[in-house]
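Below are some notes for a colleague who is opening this model for the first time. Please read them beside the sequence and the 3D view.

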Amino acid sequence: MELSRREALLGTLFGAGWIGLRSLATGLPISFLLNPRAAVAAASTAAPAQFLILSTSGAGDPMGCNVPGTYPDAYSATNQIAHPPAVPGDSTMDMAPTAVTVGGRSWQAAKPWSTLDAAALARTCFFHHTTLTNNHTNESKVLKLMGAIKRQEMLVSLCAKSLAPTLGTIQMEPVAVGSETLQYEGRSLPRLSPTGLKAALANLNGIANDGQDNQIVAAVTLIAMKVSPVVTIRLDFGGDNHTDTALQNEAKRTITAVQSINLMFTKLDELGLRDSVTFAAMNVFGRTLAFKGAGTDSAGRDHLANHHCTLLIGKGVKAGVIGGVEANGNDFKAMALSSTTGQGVPKDQASSADIAFGDTLGAVGKTLGAAIGVPAQALEDNITQGKVVTAALV
């Protein structure tokens, strides 16, 4: 359910009624509600903990299909992974394999990743893992790390309530802006829209629609106002592309998604918040990596539970590639992991890994939590699978 009307928004986020009642309902001073732009300028985020902007989607899009670790420098050249073809000279389509330096090492990746904001790229980790599902409706379960979090709590809920006291936010609950519906301690939260937020906040009057760039503007503004420690959005890297001739749609949307990430860091810089916000992207599942259909270009991708790549960018993140992929039947899968080196461990050596293939999703949750300042004891007490991958942390 999406709430976008002014009345619904004020009732769920800022309280109902006139300005005095809204102040009482939220704890926000009247001066803040009268002049939120001034509040943004005055907000302090000096705490060691990090705010989190999380992109999440139940579409299971191909975000992880063209990242470092999916090109021939990471596996045998005989096991080729399908990528959109290079279209030199067309900036809306060019996905040519390009050298990208991540964590001091040169990797091959689709060209858009080489255009990622340079300072962000120096803090970017590509984390290969499984999500243990290939079902769209399990998005909420993946956010619960497929049962690895006690009491069936979502990772965003665990992180938000752990960080709120340190960050001094108005509320502990995470805020969903255009993303899937979230839960906080088992309670479903309303899904807000950028245009709905615009109806309540004068400093969002530039928002024209609910697209991903406007979701980013809204998310950054809510964090600047210290409304919540966690705000979720939905970036589109190609959607549910079972049918996608030559992966053209995947190419176009991957390019625009990376541009949207760059916009986010521009907006964070404008408010002096780059060092205070971590960005992550984690979806319900990945897509098949092998070629689909006849010919030299793939005709699309199907659901794949065995591989996904979560993107982590932030001050507490060490740039690099965690894990990798290996051939598995007619397709590919994520590898088991070493928590200390971050390297993938092939299945014929899996006994030497301290993070089993099936525990890599839990490892993502613990590692993200550690990167944004969730106390180690809270992670250990609440997430029952996986380990923090120290190689992904500064």
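The numbered points go from the whole protein to single residues.

1. Basis. This is a predicted model, in which local features need pLDDT of at least 70 and side-chain atom pairs count only at pLDDT 80 or more, while totals for chains, interfaces and linings use all residues. Residues are numbered from 1 along each chain as its sequence is written, and side-chain values use heavy atoms, with hydrogens and water left out.

2. Overall make-up. The protein has 13 helices and 19 strands; these are DSSP runs numbered from the N terminus, with helices (H or I) of at least four residues and strands (E) of at least two. It has 394 residues, and 58% of them count as buried. Buried means under 20% relative accessible area, exposed means over 50%, and partly exposed lies in between, with a 1.4 Å probe and protein chains only. Of the contacts between residues at least 6 apart in sequence, 67% join residues at least 24 apart; a contact means heavy atoms within 4.5 Å.

3. The pair H10 and H11. Helix H10 covers residues 212-224 and helix H11 covers residues 248-270; their axes come within 10 Å and cross at roughly 25 degrees. The axes are lines fitted to C-alpha atoms over the stretch in contact, and angles run from 0 to 180 degrees between N-to-C directions.

4. From H10, the residues Gln212, Asp213, Ile216, Val217 and Val220 take part; from H11, they meet Thr256, Ala257, Ser260, Ile261, Leu263, Met264, Lys267 and Leu268. By class, this contact of H10 with H11 has eight nonpolar, three polar and two charged residues. Here Ala, Val, Leu, Ile, Met, Phe, Trp, Tyr, Cys and Pro count as nonpolar, Asp, Glu, Lys and Arg as charged, and the others, Gly among them, as polar.

5. Asn262. Helix H11 also holds Asn262, which is buried at a relative accessible area of 17%. Which residues does Asn262 touch, not counting those up to four places away in sequence? They are Thr115, Leu116 and Asp117. Asn262 and Thr115 are 147 residues apart along the chain, and their C-alpha atoms are separated by 8.7 Å. The side chain of Asn262 reaches the backbone oxygen of Thr115 at 3.1 Å. Such a polar contact is a pair of N or O atoms within 3.5 Å; within protein, one must be able to donate a hydrogen and the other to accept it, and residues adjacent in sequence count only if both atoms are side-chain atoms.

6. Asn209. In the loop between helix H9 (194-198) and H10 sits Asn209, partly exposed at 42% relative accessibility. Its side chain reaches the backbone nitrogen of Gly211 at 2.9 Å, and a polar contact of 2.8 Å joins the side chains of Asn209 and Asn214. Leaving aside residues up to four places away in sequence, Asn209 touches Pro194, Thr195 and Asn214.

7. Ser57. The loop between strand S2 (51-55) and strand S3 (97-102) contains Ser57, a buried residue with a relative accessible area of 1%. A polar atom of the Ser57 side chain lies 2.9 Å from the backbone nitrogen of Ala59. Beyond four places in sequence, Ser57 touches Glu139, Glu180, Arg234, Met282, Asn283 and Val284.

8. Asn138. This residue is found in the loop between S5 and H7 and is buried, with a relative accessible area of 13%. Not counting residues up to four places away in sequence, Asn138 touches Thr133 and Val284. Val284 is also among the residues that Ser57 touches.

9. Two positive phi values. Most residues other than glycine have a negative phi. Leu132 has a positive phi, near 70 degrees; it lies in the loop between strand S5 (124-129) and helix H7 (139-143) and is partly exposed at 36%. Leu247 has a positive phi of about 55 degrees; it is found in the loop between strand S10 (230-233) and H11. Is Leu247 buried or exposed? At 1% relative accessibility, Leu247 counts as buried.
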